[in-house]
Amino acid sequence: MAGTNSERPLLAEGPAIILVHPQLGENIGMVARAMANFGLAELRLVNPRDGWPSEKAQAAASRADHVINAAKLYETTEEAVADLNFVYATTARDRYGYKPVRAPGVAAETLRGRFVKGEKTGILFGRERTGLTNEEIALADEIVTFPVNPAFASLNLAQAVLLMSYEWMKTSMVSEDQTSFHALPQQPATKTDLQGLFDHVEEALDSRGYFRPLAKRPKLVDNLRAVLTRPAFSATEIRVIRGVISSLDRFSRETPRGAGAPADGRSGAGRPVASPETVTPDESEG
């Protein structure tokens with residue numbers, strides 16, 4: 001599966017995700033996948049409508065097996081939260097009561113703080129169609145609600161879990177611009193690399209009469225070099241560009257690469273083949 005790497009450490013911590021009377025096995029599986037994406041692992045199911053275990057849930061989990069296989073089954077919501085120290089209930093509806101209502105980011109920070117102290121926490125998610133009842137919300141300490149379109153506030157179960165799981169993951173980051181992985185380092189091109197590119201491009205354009213009228217050639221060359229120096233190329237990128245130019249020099253649409261060597265040392269377009277010093281397409285792929 002794209003994006004997975006069994007050689008890297010698997011995050012599996014944080015609050016329990018508690019699904020109260022979930023209906024579809026597919027939704028449970030997608031919840032498990034969302035949890036695994038953001039380092040959560042404890043899934044609790046309160047009397048799922050279609051029973052448990054579920055082949056549909058397993059398939060939809062998309063290899064989040066450590067979550068699905070460890071899921072715990074409960075008869076009632078009271079049993080599912082009995083061993084927890086602190087619980088959030090999720091809802092998108094207006095509720096009249098005395099429980100504090102938190103934004104997802106604030107709720108996640110609270111959960112992280114309690115987790116660090118060794119407390120057991122959980123988040124309640126209700127039925128796909130009707131959400132949590134007032135009685136079930138009463139079992140929670142606080143409410144968390146998402147900033148959604150007030151005229152279209154209904155979230156898919158897996159979407160709601162994913163949003164909360166994402167906020168949980170963010171609380172472990174040193175800063176908001178931190179990422180899980182980084183681009184591989186590239187060797188910056190040297191001035192010799194750039195000069196070779198300039199010469200290569202200018203020769204290819206000269207042979208095709210690009211610099212017209214000749215009086216404007218110096219200005220056109222200056223503009224071209226300004227464009228080529230702007231991206232701050234790496235050495236690899238220089239080789240790629242020169243490989244492209246060599247391919248255009250060596251082959252034509254009529255006699256493409258693989259159609260046989262151009263006759264008499266000339267390309268299908270009637271132009272001389274690039275000199276041996278020119279970078280070939282094969283070199284650009286290295």
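Trainee: In which loop is Pro53 placed?

Mentor: Pro53 sits in the loop between β2 and α2 (55-60). Helices (H or I, at least four residues) and strands (E, at least two) are DSSP runs, numbered from the N terminus. This is a predicted model, in which local features need pLDDT of at least 70 and side-chain atom pairs count only at pLDDT 80 or more, while totals for chains, interfaces and linings use all residues. Residues are numbered from 1 along each chain as its sequence is written, and side-chain values use heavy atoms, with hydrogens and water left out.

Trainee: Which peptide bond joins Trp52 and Pro53, cis or trans?

Mentor: Most peptide bonds are trans, and most residues other than glycine have a negative phi. The bond between Trp52 and Pro53 is cis, with omega about 5 degrees. Another cis bond runs from Arg212 to Pro213, with omega near -10 degrees. Pro213 belongs to the loop between α8 (191-206) and α9 (217-229).

Trainee: What is the phi of His21, and what is that of Arg63?

Mentor: His21 is not a glycine, yet its phi is positive, about 50 degrees. His21 lies in the loop between β1 (16-20) and α1. Arg63, also not a glycine, has a positive phi of about 75 degrees and is found in the loop between α2 and α3 (65-68).

Trainee: Is Arg63 buried or exposed?

Mentor: Buried means under 20% relative accessible area, exposed over 50%, and partly exposed in between (1.4 Å probe, protein chains only). Arg63 has 60% relative accessibility, so Arg63 counts as exposed. His21, with 24%, is partly exposed.

Trainee: How many aromatic pairs are there?

Mentor: Rings of Phe, Tyr and Trp (its six-membered ring) pair if their centres lie within 6.5 Å; planes under 30 degrees apart count as stacked, over 60 as edge-to-face and the rest as tilted. The count here is four aromatic pairs. In one of them, Phe38 and Tyr166 have ring centres 5.7 Å apart and planes at 70 degrees, so this pair is edge-to-face. Phe38 is in the loop between α1 (25-37) and β2 (43-46), and Tyr166 is in helix α7 (residues 157-170), 128 residues apart. Tyr210 and Phe211 are edge-to-face because their planes stand at 85 degrees, with centres 5.1 Å apart. Phe211 is buried at 2% relative accessibility.

Trainee: What sits over the ring of Phe211?

Mentor: A charge sits over a ring if NZ of Lys or CZ of Arg is within 6 Å of the ring centre and within 35 degrees of the ring normal. Over Phe211 it is the charged end of Arg217, 4.8 Å from the ring centre. Arg112 lies over the face of Trp168, 3.8 Å from the ring centre.
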